[in-house]
Amino acid sequence: MKTFISNLIRVGFRSILARFIILFVSISLLIQTINFLTYNVYLHYVESELERNYDRSLSNVAVSLNKLFEGIYQSNFLLSLDSSVMKVFSADFSIDELPKYADISQSVRSLARVKYGNASIDSAYILKRDNQLIISNEGTYEESYFYGNVYPMEKYPIEYWQQYSANHDLFQILPPSRITGSNRNQNKTILPVVQSKIAEYASDNLYVIHLNAQYMTDLLRDYRLTPGSMIFIADRNRNMLASTEANFTNDGELQQFLQAALSEPADKFKGTYKGKKMRVIKYTADFFYNKVDMIASIPEEDILDSLKNIENLRYTVEGLTFLLSLILSILFSINLYSPIQKLVRTLRGSQTQEAASHDGNEFHYLDREINRMMSNVHSLNEALSYTLPLANERFFVKMLKNNYPYDDESIGAFLKNSNFTFENDHFMIALIQIHFRKPFYDTFTERFQNEASQKIVTVMKTFMPPQCPGYFLEIDSHLFCLLINLPAQSDRTAYEEYCEEMVGLFKNDEHLLRICAGIGGIRQGYKGMQESYIEAMKALWRVSPFDGKRVYAYTGSDQVPARYLLSKHDENKLFNLLMSGKQEDVYELLKRVIDANIGQGIPDSMIRELYMHFYIVGLQVLKQKDRSLDDSVSKEYVSFIMSGESLSVDEITQYIFSFFENIMFVCSNAQQKFDVTAFKKFIDEHYSEDIHLEYLAQKYNTSAKYMSRLLKNELGIGFQEYLQQLRIGKAKELLRHSDKPIAQIWEEVGFNNRNTFIRAFKNQEGITPSDYRKNIRA
């Protein structure tokens with residue numbers, strides 16, 4: 001670490017390592033800044049959203065309370081239907097005869113119905129002023145007894161009601177008042193609602209309803225969005241009618257805060273209550289001819305408390321992230337700098353110590369050296385500038401992967417038509433595989449990951465030996481084939497050293513990636529090219545992650561003697577069974593051969609060679625039948641061979657059998673004789689039944705994928721889409737020409753439930769089945 005710090009101080013910003021560290025730390029700081037800004041934007045969003053939600057809440061409160069008071073007012077009209085109530089409410093009515101007591105009793109019953117018809121009503125009564133009599137839902141009382149013992153209210157003593165004037169107000173909501181001195185109604189808070197008319201009949205008497213203020217308090221509390229929020233309702237005289245706070249009628253500080261809020265002209269502003277900063281929202285509404293102001297007050301600490309866990313987590317994550325990013329920045333910088341440092345040291349090896357000391361700026365030094373190298377190898381680049389045309393490259397990849405047994409003459413003719421020829425008649429194949437490891441995917445971006453293989457190949461092309469022309473072919477993902485065209489009597493020593501050099505170049509980065517190489521022998525002709533490819537693959541299989549050797553060159557003497565593999569007899573039998581399409585016999589033979597080989601204890605490389613034998617047998621069957629598989633199937637099996645996965649015997653057998661099953665299907669006579677017309681006819685006749693592709697594939701002795709492809713080629717749409725269109729078409733006929741209910745129609749045409757039918761019908765026709773029937777018959 002001391003050496004690293006001293007080098008950093010000495011070289012300063014001229015060092016690539018220092019720039020790497022600064023780059024990573026700058027990115028980390030940028031991320032932290034973005035996180036900070038994001039949090040503040042989110043806080044502002046939460047505050048704004050809370051205000052919008054309270055606007056909606058206050059609107060909902062207004063609607064709920066308006067319905068409440070409208071219901072109370074409607075009770076007025078219900079009472080007007082009772083003649084006894086109208087008589088009692090009349091100023092001319094006096095209790096001077098015994099029969100009139102029947103009207104009193106009937107009025108008590110009607111008032112009781114009003115009271116028990118609404119949970120928010122505590123009592124309902126008629127005040128007959130001239131008689132000083134109260135007729136309530138519970139019976140009749142003298143005025144003094146009622147206001148002195150039953151409902152003794154702080155704000156509304158008996159004198160208040162004796163002097164009360166309606167002032168032509170049809171419906172007046174009075175400020176709430178606590179009840180004291182009553183055993184039955186002790187500590188209640190009442191909100192009186194006074195009406196001077198019943199229906200259209202006005203009288204000096206009053207019809208009064210006592211609302212239980214607790215009901216409105218509970219309603220307001222239900223609309224609070226944070227625990228510390230408060231909601232108030234005030235009338236046009238700035239009297240508080242309801243609040244979420246207990247004992248609000250006697251809370252002077254709360255009343256003072258309300259008056260200050262009502263005096264504020266803005267609808268949204270900030271205030272202070274009991275030392276707490278509050279966000280205040282005002283909303284104006286009408287409660288049945290009574291204009292009121294509704295106020296919501298939210299403590300800012302509630303908003304911050306809702307984000308407290310997020311904020312604490314943010315600070316913790318930011319601190320840990322910055323510390324971790326700083327450590328990773330140094331580690332990644334050292335890892336990324338390591339190959340550059342090695343390259344610089346290699347290039348400086350030929351320089352004197354004095355000359356090297358003048359090149360402190362590594363960027364300038366590498367730039368000069370690369371330009372010099374590019375100039376020196378210009379002739380080599382010209383020799384290697386031509387590449388295989390894309391069609392030829394794909395041809396050779398297919399020839400090598402699928403082991404097509406083309407003869408040299410036919411391949412030569414193909415290349416001649418493509419205006420391409422090889423200089424020599426001998427070939428050697430080297431397979432180079434790049435294994436990227438988990439830290440690589442965790443460290444670098446997806447774009448860099450996708451380009452990494454090609455960048456490594458570009459490096460390999462640059463350092464390739466100039467002796468003979470070489471071509472890079474991409475066999476599979478991260479698997480590349482180096483095709484070398486050699487003259488007779490050549491050796492491969494230079495290419496073995498080249499592979500060792502390429503592996504060594506990335507040796508220090510094995511925690512990120514591992515490069516392995518297998519080199520085949522030098523063989524004559526195109527058939528020999530295929531043999532060299534198989535030898536290179538066998539050599540590549542020998543690479544093990546548990547030893548340090550990453551390059552193997554194939555030699556006949558270093559093979560492990562085959563204890564069993566695939567005998568000629570079993571190979572012929574497998575070939576014939578595949579040709580005949582006997583799946584069960586093929587499966588039994590595969591199981592027996594794999595069990596026997598694993599029982600003999602052959603090594604992993606020989607097991608993969610056995611897979612290759614199976615693969616070649618399958619290709620021979622395809623050639624004999626003049627058929628071919630999809631490229632995706634071939635690529636999947638080659639990837640399986642190269643992966644070296646550790647699988648059970650049953651898993652291996654099933655995987656290989658699926659490959660053979662594809663071959664048997666492609667080669668089967670059932671495929672050639674399959675009648676698409678009969679297949680379509682069967683669907684048209686049985687559309688109402690529960691049919692699916694797997695069932696039809698079994699019925700017609702083919703595969704579901706193949707049937708789906710044939711039907712799509714014939715009709716231009718897939719099986720499920722065709723079946724649904726057919727069922728919807730039949731449903732439309734029934735909707736047009738019958739009176740059957742829709743529930744019966746969807747069952748008849750084959751749908752499983754009503755919702756699926758209606759959704760499918762609307763997706764296809766744009767309207768529901770009911771609307772379709774109405775339009776047709778309109």
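This is a predicted model: local features need pLDDT of at least 70, side-chain atom pairs count only at pLDDT 80 or more; totals for chains, interfaces and linings use all residues.
## Salt bridges in the structure

Side chains of opposite charge can pair when their charged atoms come close. In the whole structure, a search finds 11 salt bridges.

## Lys188 and Asp122

A salt bridge joins the side chains of Lys188 and Asp122, with an N to O distance of 2.6 Å. The two partners come from distant parts of the chain, 66 residues apart. Lys188 belongs to the loop between β5 (177–178) and β6 (189–198), while Asp122 is part of strand β1 (residues 121–128).

The partners can also be described by their accessibility. Lys188 has a relative accessible area of 24% and is partly exposed. Asp122 is buried, because its relative accessible area of 9% falls under the 20% limit for that class.

## Glu301 and Lys276

Glu301 and Lys276 form another salt bridge, in which the closest N and O atoms are 3.5 Å apart. This pair links helix α9 (residues 300–306), which holds Glu301, to strand β11 (residues 276–286), which holds Lys276. The two residues are 25 residues apart, and the parts of the chain that they link are distant.

Both partners are partly exposed: Glu301 has a relative accessible area of 38%, and Lys276 has one of 39%.

## Glu510, Arg550 and their network

Glu510 is paired with Arg550 in a salt bridge whose closest N and O atoms lie 3.1 Å apart. Through salt bridges that share partners, Lys507, Glu510 and Arg550 are joined into one network.

Glu510 counts as buried, with a relative accessibility of 17%. Arg550 also counts as buried, with a relative accessibility of 6%.

## The loop residue Gln467

Gln467 is found in the loop between α17 (446–462) and β14 (470–476). Its relative accessible area is 51%, and a residue counts as exposed when this value is over 50%; Gln467 is therefore exposed.

When neighbours within four places in sequence are left aside, Gln467 is in contact with Ala494 and Tyr495. Gln467 and Ile484 are 17 residues apart along the chain, and a distance of 9.8 Å separates their C-alpha atoms.

Technical notes. Residues are numbered from 1 along each chain as its sequence is written. Side-chain values use heavy atoms; hydrogens and water are left out. Helices (H or I, at least four residues) and strands (E, at least two) are DSSP runs, numbered from the N terminus. Buried means under 20% relative accessible area, exposed over 50%, partly exposed in between (1.4 Å probe, protein chains only). Contact means heavy atoms within 4.5 Å. A salt bridge is a side-chain nitrogen of Lys or Arg within 4 Å of a carboxyl oxygen of Asp or Glu.
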